[in-house]
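Please look over the structure first.

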Amino acid sequence: MKLFYLAFAGVLYLASFAGDAFAQSGDTLTIQLKNGPVVIQLMPEVAPKHVAQIEALAKKGEYDNVAFHRVIEGFMAQTGDVKFGNMEKGFDASLAGTGGSDMPDLPAEFSKTPFVRGTVGMARSQDPNSANSQFFIMFADGSFLNGQYTVVGKVVSGMENVDKIKRGEGQNGEVSNPDRMIKVTVGKK
């Protein structure tokens, strides 16, 4: 029995070490909002193609000034429409949320990572392989999304700033005069 407890303690130690190693390594996405920064720990081990595309778009400045076009209280805030959502270049409120980037759509990278408060997931159409540039940040747990949408990261600081994003109206959460991502950068944690 003593051997069992020793083995169990070893497993717990290794699991905590692996968790610490993940938390201290990898790329982050920092979104500057009007109320302050939001830092997202990206998860390339969960969704390598999606994370690579988000990083490429951020490094090109494609996410700068893009609106949070769909924001639903108690659910999520959606942004990332680089075609129609840029509030300084070609913003069209009637089309925001229907566009993407010039990069190809991505095949689904569904995982067992749950959708909880602070999870960042990729938006898509009915086609599971249609995610491109749009993503959303969860205000609350959303287990009904588990295994249906690709998880790309989690908010590790600034969730209080996410909570202050202007909410939309109606069932679909369209936002008039929306908040925006002022500047989006990629860094190392």
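Is Glu73 buried or exposed? The model is predicted. Glu73 is exposed, because its relative accessible area is 57% and the cut-off for exposed is over 50%. The points below place this residue, then turn to the pockets.

**Glu73 and its surroundings**
- Glu73 sits in the loop that links strand 4 (70-72) and strand 5 (76-79).
- Its side chain makes a polar contact with the side chain of Arg167, at 2.8 Å.
- Asp163 lies 90 residues from Glu73 in sequence. The C-alpha to C-alpha distance between Glu73 and Asp163 is 9.3 Å.

**Largest pocket**
- The volume of the largest pocket is about 230 Å³.
- Lining this pocket are 13 residues, and those closest to its centre are His69, Ala96, Gly97, Asn172 and Glu174.
- By class, the lining of the largest pocket divides into five nonpolar, six polar and two charged residues.

**Second largest pocket**
- The second largest pocket has a volume of about 180 Å³.
- Its lining also counts 13 residues. Gly97, Gly99, Arg124, Ser125 and Gln134 are the closest to its centre.
- In the lining of the second largest pocket, 10 residues are polar, two are nonpolar and one is charged.

How values were computed
Residues numbered from 1 in each chain as written. Predicted model: local features only at pLDDT ≥ 70, side-chain atom pairs only at ≥ 80, totals over all residues. Heavy atoms only, no water. Helix = DSSP H or I, 4+ residues; strand = E, 2+ residues; numbered from the N terminus. Buried < 20%, exposed > 50% of the residue type's maximum accessible area, 1.4 Å probe, protein only. Polar contact = N/O pair within 3.5 Å; in protein donor to acceptor, adjacent residues only side chain to side chain. 1 Å grid on protein atoms, 1.4 Å probe; cavity = no way out; pocket = protein on both sides within 12 Å on 5 of 7 lines; lining within 4 Å. Points joined across faces, edges and corners; volume = space filled by probe spheres on them. Nonpolar A, V, L, I, M, F, W, Y, C, P; charged D, E, K, R; others polar.
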